Number of protein chains: 2
Amino acid sequence: MPSAEPASPPAPAGVIPVAASRHSYAVHVGRGLLATLGALMRGLPQAGEGGRCALVTDDRVQALHAGAALESLRGAGFSPALLAVPAGEASKSLHRVEELCEGMAAAGLDRGSLVVALGGGVVGDLAGFAAAVFGRGIPVVQVPTTVMAQVDSSVGGKTGVNLRAGKNLVGAFHPPALVVADVETLRTLPPREWNEGWAEAAKHGVIADRALLNDLARLARSDDDAVAAMVARNVRIKASVVAADEFERAGRRELLNFGHTLGHALETAAGYGTFLHGEAVAVGMMAAARLSRRLAGLPVDDEAALEELLLRLGLPVRFPAGVSTDALIEAMRRDKKFRAGRLRFVLTPRLGEALVSDDVDEEAARAAIGELRAAPIE
Amino acid sequence: MPSAEPASPPAPAGVIPVAASRHSYAVHVGRGLLATLGALMRGLPQAGEGGRCALVTDDRVQALHAGAALESLRGAGFSPALLAVPAGEASKSLHRVEELCEGMAAAGLDRGSLVVALGGGVVGDLAGFAAAVFGRGIPVVQVPTTVMAQVDSSVGGKTGVNLRAGKNLVGAFHPPALVVADVETLRTLPPREWNEGWAEAAKHGVIADRALLNDLARLARSDDDAVAAMVARNVRIKASVVAADEFERAGRRELLNFGHTLGHALETAAGYGTFLHGEAVAVGMMAAARLSRRLAGLPVDDEAALEELLLRLGLPVRFPAGVSTDALIEAMRRDKKFRAGRLRFVLTPRLGEALVSDDVDEEAARAAIGELRAAPIE
């Protein structure tokens with residue numbers, strides 16, 4: 001990995017403040033934090049006088065971490081109601097939102113209550129959205145238990161569910177009241193999920209912190225402190241971007257979509273569940289890098305360095321043979337990121353920098369896809 | 001109707017600005033405005049470059065007014081997709097939200113598109129909520145076609161749907177980009193719906209404008225200009241209250257709940273659809289007046305004057321014999337307006353003024369219900 005800048009020292013794990021329009025919040029990153037969840041929540045101004053809250057999780061995370069979370073909440077005087085959904089992307093539906101909200105009402109939650117989202121991106125997006133709309137909005141505490149959720153999705157306030165027509169087409173901006181990222185919960189992740197989460201970290205490096213890419217390549221899973229430091233560093237990048245453009249109107253937040261234009265299209269075209277989100281984003285980043293080389297002057301060495309990092313992280317870097325270019329282009333056209341039908345891509349002129357281009361024509365996108373195909377089918 | 005203050009002159013119909021946190025918007029009130037809908041929308045900064053929009057209505061209003069609305073939209077360069085739901089409260093469900101959002105996606109709506117809500121309170125609440133969550137929020141234009149929606153629900157940004165557990169338990173604050181209230185659409189209202197809408201106008205008079213109550217008693221349905229002036233006057237009151245407390249946190253907006261504590265309970269306990277919302281609110285206002293006489297010093301003449309006005313408006317003023325006091329109390333307890341289990345009521349110490357009390361004990365509420373029962377059953 002070439003690095004034109006001196007590598008910045010790893011950021012210490014700790015408490016990262018995030019600015020949002022209605023309230024600011026803290027992201028706690030470290031080891032063993034799940035045991036302190038209740039105490040941290042008790043310190044929130046939003047905690048109010050009552051102790052009612054809902055602990056939303058999925059059936060897989062429930063078996064691993066719900067006991068510790070419930071114990072911590074009860075120890076701090078909360079009366080948590082446990083609401084579990086099936087693990088997996090299919091739970092990101094309005095049907096599950098309704099089920100959760102009925103469960104919250106049945107448990108006696110009111111406007112003074114809180115929702116705790118314990119799990120990965122699906123649980124965070126789903127429970128965050130349910131909290132955003134229950135009683136026209138009650139606070140949510142995000143307790144991410146995957147790399148993906150800790151380095152990315154738990155921070156920034158985007159919540160939502162899927163439609164048949166596409167992913168995340170229904171949602172709300174609902175910043176959490178608090179984020180508690182306990183890196184010890186990552187120990188139980190299967191290897192594939194561990195790997196996919198770091199795709200978003202690589203994306204942060206590409207758009208904002210070239211030196212992060214070097215450190216990411218050397219990260220050891222067994223080193224909790226190094227993992228915590230890397231999570232915290234990613235949270236700082238995400239927080240900085242989000243604070244500058246919370247509602248994705250100024251163009252800045254759109255930079256976080258690097259690799260996502262074709263990544264989302266690949267998830268859709270291959271069928272949800274074939275690729276994990278981070279895997280699809282990894283392939284999408286390679287396509288964006290290819291376009292960046294052609295259209296934004298990305299050095300070929302930078303493109304090669306990104307590919308080397310993604311391979312080292314155990315992530316795919318090629319489109320599968322079974323997914324047609326036409327299907328990918330069609331999925332991109334339907335993506336809500338495209339306004340008035342123009343093809344917009346985030347490009348990187350140099351690793352560590354990014355820009356938005358709406359000059360990308362369909363042929364350039366088709367060419368990039370074609371060159372990054374595992375085996376030719378057309 | 002006693003009036004200690006000189007009656008203020010009727011406010012002219014026209015354009016009422018409403019302040020909201022993210023954007024301000026205009027409420028246009030007058031005759032024949034439906035024909036100008038497209039032109040008014042074209043002037044919105046939110047209209048953007050594209051012309052895609054969804055016209056959401058119900059099957060009853062569709063037959064009456066959708067043609068004129070579509071013509072106006074097309075004439076101004078919009079490409080409206082018509083999405084209709086069955087008329088009635090049952091359409092305020094997350095199931096219909098999903099159906100609408102899928103329809104909006106299928107029609108090619110994106111973040112630059114708008115939703116137009118043509119209809120009464122159900123359509124406004126439902127379409128407003130769908131707009132609030134589609135693509136994490138796109139603008140909604142409210143085109144209220146009932147008295148209830150024109151004087152009250154189209155202004156202020158509350159949107160939402162019902163759960164089995166209760167009304168409006170899921171929703172969002174999503175202020176409209178524009179409100180177009182054409183009083184000529186009120187001509188087609190059945191008498192019962194005409195009557196119920198003015199219950200909210202009476203409520204506005206009780207909490208903020210004693211003189212309005214006198215003018216309301218004299219309002220002639222056949223006088224479009226007087227109706228428009230009365231609608232505009234109510235919009236000004238609602239706008240003033242909402243601007244002071246958009247998110248219902250400062251206590252001010254809660255004053256709009258006068259009559260709604262027992263009104264909502266009556267709707268729930270009697271079964272949705274037995275009472276129209278305004279009818280239930282009328283009975284609830286009488287109960288709140290009874291409590292106000294006991295607990296806040298409301299003169300007995302004021303209480304009698306309110307009853308006389310409601311009867312003149314063709315509204316009910318007594319609890320039906322078939323609904324038990326226990327069922328009403330239980331429904332109140334489950335209402336999301338009650339935080340930490342306390343019984344909160346809006347009271348009026350004198351018509352034209354209001355305050356919030358959380359000192360109301362259950363026995364006082366039971367007594368007020370018992371005294372206002374059509375025939376004793378217990």
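Biologist: Into which domains is chain A divided, and what are their bounds?

Modeller: Some ground rules come before the answer. This is a predicted model: local features need pLDDT of at least 70, side-chain atom pairs count only at pLDDT 80 or more, and totals for chains, interfaces and linings use all residues. Residues are numbered from 1 along each chain as its sequence is written, while chains are lettered from A and ligands numbered from 1 in the order in which they are written.

Chain A has domain 1 (15–188) and domain 2 (258–378). These bounds come from an automatic or database domain assignment. Taken over C-alpha atoms, the two domain centres in chain A lie 31 Å apart. Domain 1 of chain A puts seven residues into the contact, and domain 2 of chain A puts in ten. Two residues are in contact if their C-beta atoms, placed from the backbone, lie within 7 Å. On the domain 1 side, β8(A) gives the most, with three residues. That side divides into three nonpolar, two polar and two charged residues. Here Ala, Val, Leu, Ile, Met, Phe, Trp, Tyr, Cys and Pro count as nonpolar, Asp, Glu, Lys and Arg as charged, and the others, Gly among them, as polar.

Next, a strand of chain A. Strand β3(A) spans residues 52–58, and six of its seven residues are buried. Buried means 20 or more other C-beta atoms within 10 Å of the residue's own; 12 or fewer is exposed, anything in between is partly exposed, and C-beta atoms are placed from the backbone. Helices (H or I, at least four residues) and strands (E, at least two) are DSSP runs, numbered from the N terminus. β3(A) runs parallel to β4(A) (residues 79–85), joined by seven bridges. Strands pair if DSSP finds at least two bridges between them. Across this pair, A:R52 stands opposite A:S79. The chain leaves β3(A), passes through helix α2(A) (residues 59–75) and reaches β4(A) in a right-handed β-α-β crossover. Right-handed means that, with the strands pointing away from the viewer, the path from the first strand over the helix to the second runs clockwise. β3(A) also pairs with β5(A) (residues 114–119), again parallel, over four bridges. There A:L55 has A:V116 as its bridge partner.

Now helix α9(A), residues 260–270. Eleven of its eleven residues are buried, so the helix is largely enclosed by the rest of the structure. Among them are A:H260, A:E267 and A:A270. The buried residues of α9(A) pack against β8, α10 (277–295), α12 (325–334) and β10 (345–347) of chain A. Just after the helix, A:G271 takes a positive phi of about 90°.

Last, the partner chain. Contacts link 30 residues of chain A with 30 residues of chain B. On the chain A side, α3 (94–106), β7 (158–163) and β8 (166–173) each give two or more residues. The largest share, seven residues, comes from α3(A). By class, this side of chain A has 15 nonpolar, six polar and nine charged residues.
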